[in-house]
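Please read the points below with the sequence and the 3D view open side by side. They are written for someone new to reading structures.

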Amino acid sequence: MNEAEILAKTYKDQLTVSRYYSYEDETTKETKEGKKIVYASVPCALSQSKNATPARAGVLFQKDAEYILFTMPDIRIEENDCAEIVTQAGESIRGRTGRTFVYAGSHGETKIKIEGTA
């Protein structure tokens with residue numbers, strides 16, 4: 001059993017990744033933007049990197065939280081992809097990703113940032 005297979009046994013969360021792309025509308029010949037799923041229900045592990053307390057932004061509070069996704073090395077997530085992770089506990093987390101950094105033969109690490117209003 002190699003290192004990637006050993007680490008994969010710890011992946012108890014599920015990841016779905018979608019990506020925006022440009023295409024030409026055949027009828028109007030306009031360039032439009034679409035969104036496609038590039039990975040669906042991929043096993044992963046989500047780790048909390050930074051969980052900031054909400055900060056005041058005018059009348060609202062703005063919250064920021066950073067996480068790290070651990071995946072098999074063949075999962076390549078691009079910068080600004082949309083990710084949704086369903087944790088083993090059933091919590092759903094959505095955010096924008098950074099680019100995956102791959103440790104050859106081991107795993108990939110991808111930062112994900114959740115932003116929102118508290």
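**Notes on the model**

1. Tyrosine 103 has a relative accessibility of 37%, so tyrosine 103 counts as partly exposed (buried is under 20% relative accessible area, exposed over 50%, partly exposed in between, with a 1.4 Å probe and protein chains only). This is a predicted model, in which local features need pLDDT of at least 70 and side-chain atom pairs count only at pLDDT 80 or more, while totals for chains, interfaces and linings use all residues. Residues are numbered from 1 along each chain as its sequence is written, and side-chain values use heavy atoms, with hydrogens and water left out.

2. How many aromatic pairs are there? The count is two (rings of Phe, Tyr and Trp, the last by its six-membered ring, pair if their centres lie within 6.5 Å; planes under 30 degrees apart are stacked, over 60 edge-to-face, and the rest tilted). Phenylalanine 101 and tyrosine 103 are edge-to-face because their planes stand at 75°, with the ring centres 4.9 Å apart.

3. Tyrosine 21 is partly exposed at 33% relative accessibility, and tyrosine 23 is partly exposed at 35%. The charged end of lysine 36 sits over the ring of tyrosine 21, 5.3 Å from the ring centre (the rule asks for NZ of Lys or CZ of Arg within 6 Å of the centre and within 35 degrees of the ring normal).

4. The largest nonpolar core has 16 residues (such a core is a set of buried Ala, Val, Leu, Ile, Met, Phe, Trp, Tyr and Cys residues joined through side-chain atoms within 4.5 Å). Strand 1 (13–24), strand 2, strand 4, strand 5 and strand 8 (107–117) each supply at least two residues of this core (strands are DSSP runs of E, at least two residues, numbered from the N terminus). Strand 2 gives the largest share, four residues.

5. Among the residues with the most contacts inside the core are Leu46, Tyr67 and Ile112. Leaving aside neighbours within four places in sequence, the contacts of isoleucine 112 include Leu46, Tyr67, Leu69, Ile85 and Arg96 (contact means heavy atoms within 4.5 Å).

6. Strand 5 and strand 6 (residues 92–97) pair in the antiparallel sense over five bridges (two strands pair if DSSP finds at least two bridges between them). Cysteine 82 stands opposite arginine 96 in strand 6. The hairpin of these strands has five residues between them, and glycine 90 there takes a positive phi near 95°.

7. Which residues have a positive phi without being glycine? Serine 41, in strand 2 (residues 31–51), has a phi of about 50°. Asparagine 80, in the loop between strand 4 (60–71) and strand 5 (82–86), has a phi of about 70°. Asparagine 80 is partly exposed, with a relative accessible area of 46%.

8. How many disulfides does the rule find? The count is zero (a disulfide is a pair of cysteine sulfur atoms within 2.5 Å). Cysteine 44 is buried at 0% relative accessibility, and cysteine 82 is buried at 13%.

9. Is aspartate 25 buried or exposed? Aspartate 25 counts as buried, at 16% relative accessibility. Aspartate 25 is found in the loop between strand 1 and strand 2. Leaving aside neighbours within four places in sequence, aspartate 25 is in contact with Glu30 and Lys32.
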